[in-house]
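Have the sequence and the 3D view ready.

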Amino acid sequence: MRRNLYFVFTAASFALLVSAPGRFSCALILAIEMLLLVTGGITVSYICNFSRWESLEKGITLISIMFLTILYKQLVMLLFPLMALQLGFVFYIPAVSSFLMGNIFGRRTAELEEALIPALKLTGIFILFSLLFFLFRDVIGFGTVTLPSKTGIVEIILFDVSKTSFLQFFASIPGALVLVVLAISLLILAQDKFNILEKAGILDESVD
């Protein structure tokens, strides 16, 4: 069932939410990377499918995604060196998610636009969720909204966190894990509802 594959992708992508520092500035850099990798990966896959390289499609796509990841990391190191150092290995997590995206959601069509649109829609939803997730952690945990800077990050201070120190838990990795578990629980609940509707014949299992 195709809907179950959406949850496979989502669960893999949530690793990004736990591993990355709880700063909105990090989310912005990773969001751009995600869009770049998904677009690049599906484009390469499309080219392979409509050429003589069909049998090499997955290998070429994976190599292309890794190349784009390294290239993007070098660009971030040039523009925001301290941010690149802070993110470290986290740069490579979107590569896994985008590869899954291309294989699960990339449609084999005669038009590249038709192959990209479904994957980019889901990517956009996940990126929006990620931005809100990191914004929440940044505001609640640090009392700030942060943006990337050549010298590190620019902090827009909203309030004094010393008065709400108990909320700093959500800026930590355990706090992020708690938030992710809550989000996954909601997704599982939604999946159960879909299954009930399918068994009742209200939804068609073949629906994307």
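## Where α2 meets α3

On the α2 side you'll find I29, I32, E33, L36, L37, G40, G41, V44, S45, C48 and N49, and they meet E57, I60, T61, S64, I65, L68, T69, Y72 and V76 in α3. The residues of this contact of α2 with α3 split into 11 nonpolar, 7 polar and 2 charged. Here Ala, Val, Leu, Ile, Met, Phe, Trp, Tyr, Cys and Pro count as nonpolar, Asp, Glu, Lys and Arg as charged, and the others, Gly among them, as polar.

A quick word on the background: this is a predicted model, where local features need pLDDT of at least 70 and side-chain atom pairs count only at pLDDT 80 or more, while totals for chains, interfaces and linings use all residues. Residues are numbered from 1 along each chain as its sequence is written, and side-chain values use heavy atoms, with hydrogens and water left out.

## How the helices cross

The axes of α2 and α3 (residues 57-79) come within 9 Å and cross at roughly 150°. Axes are lines fitted to C-alpha atoms, for helices over the stretch in contact, with angles from 0 to 180 degrees between N-to-C directions. So α2 and α3 are roughly antiparallel (angles over 145 degrees count that way).

What about α2 and α6? Their axes also come within 9 Å, crossing at roughly 165°, so these two are roughly antiparallel as well. The crossing of α2 and α6 is right-handed (the near helix is turned clockwise from the far one by less than a right angle). Their contact has 19 nonpolar, 4 polar and 1 charged residues.

A cavity is a set of points on a 1 Å grid over the protein atoms alone where a 1.4 Å probe fits but cannot get out; points are joined across faces, edges and corners, and a volume is the space filled by probe spheres set on them.

The second largest cavity holds about 60 Å³. Its lining (residues with an atom within 4 Å of a point) is L16, A27, L30, A31, M34, F126, I127, S130 and F134. That makes 8 nonpolar, 1 polar and no charged residues.

Terms used:
1 Å grid on protein atoms, 1.4 Å probe; cavity = no way out; pocket = protein on both sides within 12 Å on 5 of 7 lines; lining within 4 Å. Helix = DSSP H or I, 4+ residues; strand = E, 2+ residues; numbered from the N terminus. Parallel < 35°, antiparallel > 145°, perpendicular 65-115°, else oblique. Contact = heavy atoms within 4.5 Å.
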